[in-house]
Amino acid sequence: MMPANLQPGGQPSSKIHFLVGVDVGSTTVKAVVVAAEDGRILWREYRRHDTRQAGMLREFLLRMESEAGIAPGNCRIFVTGSGGHALAALIGARFVQEVNAVALAVEKLHPEAQSVIELGGQDAKIILFKTDISSGRRRKIASMNDKCAGGTGAVIDKIQAKLNIPASDLPELAYRGVRIHPVAGKCGVFAETDINGLQKQGLPPAELMASLYDAIALQNLTVLTRGHTLLPHVLLLGGPNAFLRGMREAWQHNIPLLWKERGIELPPGHAAEDLIQAPPDALYFAALGAIEFGRGEAGESGRYLGREPLERFLEDGSQDRKIASKPGLCASPDELQAFKVRYQPAPFIPAAFQRGQRVEAFIGLDGGSTSTKAVLLSPDGEVLAKAYRLSGGNPIADSMEVLGDLRRQVEVDSGANLQILGLGTTGYAKEILQQVLGADAALVETVAHTESALHYFADPQVIVDVGGQDIKLILLRSGRVRDFRLNAQCSAGNGYFLQSTAEGFGIPVERYAESAFAAKSMPSFGYGCAVFLQSDIVNYQRQGWQAAEILAGLATVLPRNVFLHVAKAPNLTALGSRFILQGGTQKNLAAVKAQVDFLRAGFRSTGIEPEIEVHPHCGEAGAIGAGFEAMRLWRLGRATSFIGMDAVSRIRYTTTCSEETRCRFCKNACLRTFLDVQIGGDETGSQRIIIAGCEKGAVNDIASVRGIQAHLDAARAANPNLVERAASEVWRPRHPESAAAPLPARAWSAAGRRRIALAGQRSQLRIGIPRVLSMYAYAPLFSAYFESLGVRAENIVYSDVTTGEMYRTGSSRGSIDPCFPSKIAIAHFHNLLFKQHGRKPLNAIFFPMFDVLTTQLVNTKANNACPTASVTPETVEAAFTKETDLLAERGIQYIHPLVNLTHRKLFARQMLQAWEPVLGLGKEENDRAIAIGFREQERFESSLRRQAREVLDQLEKEDRLGIVMLGRPYHHDPGINHEIMAHFQKLGYPIFSQSTLPMDPDLDADLLERLFGEDIRSGVIDHALEISDVWKTAFSASSNHKLWAAKFTARHPNLVAVEFSSFKCGHDAPIYSAIEQIVERSGTPFFSFRDMDENCPAHSIRLRFETIDYFLKRYQEDRMSFKALSPP
Amino acid sequence: MRLDCSFAGEALPLQEELQRSVPAEREQLVEAPSFHHKTGHYRRPVERPFTAEERNQVTILFGGFTWKHERFIEAILHASGYRCQMLPTPDVESFTFGREFGNNGQCNPTYFTIGNLIKFLRSLEDQGYSRREIEEKYIFFTAGSCGPCRFGMYESEYRLALQNAGYERFRLVLYQAEQAIKAAADNPGLKFTLDFNLGALNMLNLGDVINDLSYRIRPFETVPGSTDRAIEDVVNRLSHFLETRRKFEILERAPRWLAAPLRHTPRLTGFLNVTGKILDHLYSAEFVAEMREARLRIEEVEVDHTRVKPVVKIVGEFWAQLTEGDGNFNMFSFLESEGAQVHIDSIGGWISYLLRQSRISMEAKKGLDGPYPEARGWELGKRLTNAWKYRRKWSLLRLSEVLWSYLYARTARHLGGITPRLLSQRELARLAHPFYHSQARGGEGHLEVGKNVYYTTQGLCHMVLALKPFGCMPSSQSDGVQSSVVNRFPEMIFLPVETSGEGEINAHSRVQMALGEARVKARAEFDAALIASGKSPEEIREYVARHRQLRSPFYPIPRRRGIAGQAANFVLHVGNLIDGRTSLARLPGKR
């Protein structure tokens, strides 16, 4: 048999006139036709495909056939792009991977380019061309975003729509000279959340767009370059780079900063920004590259077959559908009919008024993140009228409009007279609206929704509130809130996503359900991140799924996002069996159907039929709850402080957000927004509302700041924060006795002389240590070790405290995206190398790789450190040595031994091996220093625990509540915990952490006996410091400790738990459920801040603060009431 | 009832309201006492044992490897008298089940494998089994570990997901390498005899080698599907052999004159029995003969060694680099469909890593542990005891390493000799250590780096693809240093792909990106080889057509240093054959 590979290469059977390159991207199709002979471009075009890739390809082929003359037999086609793979075969084209295509085009058209940044609709690519000096080979290092569309054109599109920037204005919006605000570029959803918040501060759209460009540039420079430097010349390719001036300028600003920092020499005679340019054909490089690839292909490769197979595919797109599709939302028309009978809400009919009638009513106003809603409630709780407006960016304007609408319905339409008895606000803008409108109450959103549900339904157990951005799950027992869950920073799969997807298909959200119910089958989506869902949508469309089917499939994502992603409650029966669905998204019956089905399926095996109701005014549930609060206060005799409808209509305001409004009361110097509101025509009604990030910024004179500071100081004194103390005391010098061996006067061997020389230099040696990870637990051990050996305390130099600025400045060399506590190490190392070393040179940087940690617990299986944290010192070294060895350049030794803290002798050996060459150490002095180190470590830990015990005793005495932060020692870092615990402290709660709880078997014997004695006596555990009753696989030191702290909190009457966990934490994830169950089973309030990373979503965090604070106050009141009511 | 309390920061006449509602409050508080008294405490679920009495009624479920390995596991379980059933390869639906019922934030293998079990249990329910029946009639058998990553906590995660899915009483049985079998019973249902453990060794080796063979041969087969058919036949045959082979019992095998006295010397009998079993399992003529038959069956597959295929070496996290389904985006079949030859990794390599790590960890503590850790310099007896204990354990570990490598190599040799031996762990550690500490645990880290450097510098592949599940801690960290590794070795084409269960198209696209470069490299290497051979394609083709053994999958093609491609090495060899500079090599087993 003839080897196939060696068969004579076939020649085209007829003459090829044209070579065609088609780039089917995620949002556009681009095509180029060139002459086969001389490569002249004969035709080119690009168009958005609106997710109809196949259809758009057909249109392109039609046009190329008629306008450029291509036909089967006279051309070869080469297809590239993320949507091209499946389509290429249908027309006989050869598929070329897009990065390879772009690289070929760049090598041909711009051989001088060493770096390429291509931004597409949903993907971003960076290609670096590196010439190997030894072989002369030019190789390329390419990286693409593989899962997430953060930092791509899709985000720009979304934000442009949000900011209402006309498409015609966008290309010319500038970056240079525009003020930039912090926006998360990591994820489109986070970026949107940040932009939302900034927009509400009144910042102009142009600044927000420029800020987004900045975020996208930084995100790609930080993550996608994988730590490599983009060398000049840099080519900017792809749609956003080609069309958007601001995007180009953002690159031209940020890349030269890196060049400067990394000492990159620029070709003479060029300004930095000239070296970063978008070429004229920036859009077509992939298509041109595909053609270039085709030139190298012999034979029949890419022979155009004509459009017929593509036409057939388009006619019957379902042929490629995956077999694993699901039936539609309703199995039969009867089922749909029965569902509608049960759940179709009765249309709202506004109350009718008589001309001249005096209408007394309360107003509930919900200033949400995406819309503003208002209701008019009669004194007996009936909804008289409603008003709604999509957020226009300013909550005052939106509120004026909806309140005006209510008034119009009563006074203008009916001729009645409206008398407002009270006003309650809720939602994102509740405080501003309270101040401006004189509202009687500003109610936390979760509480407002609860109030509303409680009014309409008897004993609801689970309130499922799905709004535009927020998903809230409120769990009740006997009419009391017992727990709640909120989507954290991610608003994945929320109502807004369903709406925008439908609108993307040209289907208004009101017709979503009708469309989705028509689908006989639907694709099966995953759940969670909206961005992944977006790429699934594109893929399903490619497979031929129709809009209605996709909408039906997406509806089924909603309950999974609510109950699995947000609530993390696979066992629905544990939540309760009476569910109330409310929030604007519940107006969508397809979403309701999906939730009803999901809930029923979850209960199927129990034989219980869950009761599921939809709130009669689901979109306005929050506003109604706020209105009820105003009504309650009125009934208690409080006269309303509402400024009145007339005054509302006369409100004038100006928004100022500029350098003049910048806060100067602390080093953060945050930008604030001044809202100068004038009610009525004169100066008497004028007031200034300051929108600021903290209490101090909310005033504008130093005396007020002092007053606030004094108040804060008093709160801090009354509520000690052990997290803050631990984070501060851990770095203090230990000043131990000397462990150093006396130096001999002379030595007879070279080794001896070397040792004397090294030991003599110890007092001058400067050691840098990154202030990260396990150092937050073990710095005293190492401080004491070095100090006792003669290193001066001031020469042990820790990197600065983590800040957002530090992260932005120093993290661009990282090549991976692990948890934030690990990622931040690169920034700390950068701080040591560039800042601390710059101040006074460092001789060494010490960053041990913790393999095994210490523990006070008993009967655990192991005390492993987390592998991510363990190996971080290696990834850090890679980051700073891969292009040039920055450590060697600075003459800094990097010492990062693997250490086992449980095996003290091994640890001593490991330290001796690491430090002998630097300190000229002897074994005995090393052993003494290790002993001193451990002694100081124990002193440090026991000192904190003693303080904690005092606070706890005081707490018991006063019978107040304290919060235990269930988080690892590095969560003490204020830059990692985003100062959330400090905020709770200000609210009046003493703060503990898992590593500061009292646990001394002798000193705390009484406490441990009270908490664990019964368990020991009943044989559940053998020792108070044991976790075998709750956890079997006790291998991870910090996880073990967290579990024990959870047990402690669950048993202590004055403690509640707040869990902290970082995004991607592999040691926390397996114990999530156990921690939750340990705390909650005992009836102890439990809250969590999981998936924490560099992003700090202020709105979501504030909502949590407020809700948790509200909840804890209720909990404490209940405790007190119980105490008062209990028989002595 | 309405909430009647103030919100944050407001001082309202709460007490008045509370006083008015005292009776209702009291009733409520009595209704929900745990709300105020921290009394009810969580306990982890009680584990139900699987006992010997249940052995005949209970089916052992297992999975997580390739179907080839699993068929052999099934055979040895059957041979030991157990009922068992292998689970299908985990797919995206399994992943969804895993996410639904497990904790959030798990790594991918957790979701896939746990979800796969739940998916299977659900399918049993669909067949009419009640949950109670399922809990009584099935158990799941899986590997345990002591960490340091999430793997150490898999057991708890399995239990949680099963509980959340409604199978609270479902039982898990763990196999832990260092503790053999853990079963919470005095008379455990699963008892692992020497025969089972030796069978397991054979199972792993056979599974690894046959799996590797399938990937090495399939890209070159001239009749599509012929490799898969041959592999299936071979797996059937070998598993039948493993299942039905006669167990070695010294008293049955010994001649009558010896058997009688042996019955009276139980210790000697025991020793001979153990030795005999070891030799029988590993060296018996029947086993060697079965492997020869297997080789002959595979040899029926005709191949075309001249196909130019970029060689892609797979490294990565243990499970992601092994599974053959959605768990790694069906990466192997995708690569083959894109024209690549895949060199997969073996489970055997992981075992030799574990053995070496145990020894190295011991070496690090040399002189620090022992029965007399505090022995002073002059306490010679104590020090000698310490040294003896250390040396004995060290030697056993070293012997295990050597034996394991030998056994693997022997299986590879009997099955055609074209699959490589296990790599030297020492060499991998040496290559990785400058970048990634070789004693940092969670082997994916340094092994990925070591293999990347080894395969590239030895010219054994055109591209290294690291498959790592989303969230894998050591594997992600190794990525952090690979960017530095890539800078040091300019010829390296290295691509890490995170397998998340979602985003398959993007992952494939990235692989195509790197493969494009590898393809160019392979083509250039082939073209250069063709030129160096001095022969035209026609000459090569004609020569191959005349010599059937050159179309055998087991033809031992000599490998030139630095040339990775099979086709390039082949044309160089054929060039030499035509010129008479060398002679045709013998096929293994042919005289």
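## Strand pairing in chain A

Strand 12 of chain A and strand 13 (residues 371-377) of chain A run antiparallel and are joined by six bridges. The model described here is a predicted one. Three residues lie between strand 12 of chain A and strand 13 of chain A, and the two strands form a hairpin. Within this pairing, A:Ile363 is placed opposite A:Leu376 of strand 13 of chain A.

Strand 12 of chain A also pairs with strand 15 (residues 417-426) of chain A, here in the parallel sense and over nine bridges. A:Phe362 has A:Gly422 in strand 15 of chain A as its bridge partner. Strand 12 of chain A covers residues 358-367, and eight of its ten residues are buried.

## Contact between chain A and chain B

The size of an interface is often given as the accessible area lost when the parts come together. Between chain A and chain B, the buried area is about 11000 Å², and carbon and sulfur atoms give 53% of it. Chain A brings 126 residues to the contact, and chain B brings 113 residues.

## Polar and charged links

Six salt bridges are counted between chain A and chain B. One of them joins the side chains of A:Asp1015 and B:Arg43, with an N to O distance of 3.0 Å. Across the interface of chain A and chain B, 31 residue pairs are in polar contact.

On the side of chain A that touches chain B, helix 37 (residues 1098-1125) of chain A gives the most, with ten residues. By class, that side of chain A has 51 nonpolar, 38 polar and 37 charged residues.

Technical notes: Residues numbered from 1 in each chain as written. Chains lettered and ligands numbered in written order. Predicted model: local features only at pLDDT ≥ 70, side-chain atom pairs only at ≥ 80, totals over all residues. Heavy atoms only, no water. Contact = heavy atoms within 4.5 Å. Buried area = accessible area lost by both parts, 1.4 Å probe. Salt bridge = Lys/Arg side-chain N within 4 Å of Asp/Glu carboxyl O. Polar contact = N/O pair within 3.5 Å; in protein donor to acceptor, adjacent residues only side chain to side chain. Helix = DSSP H or I, 4+ residues; strand = E, 2+ residues; numbered from the N terminus. Nonpolar A, V, L, I, M, F, W, Y, C, P; charged D, E, K, R; others polar. Buried < 20%, exposed > 50% of the residue type's maximum accessible area, 1.4 Å probe, protein only. Pairing = 2+ DSSP bridges.
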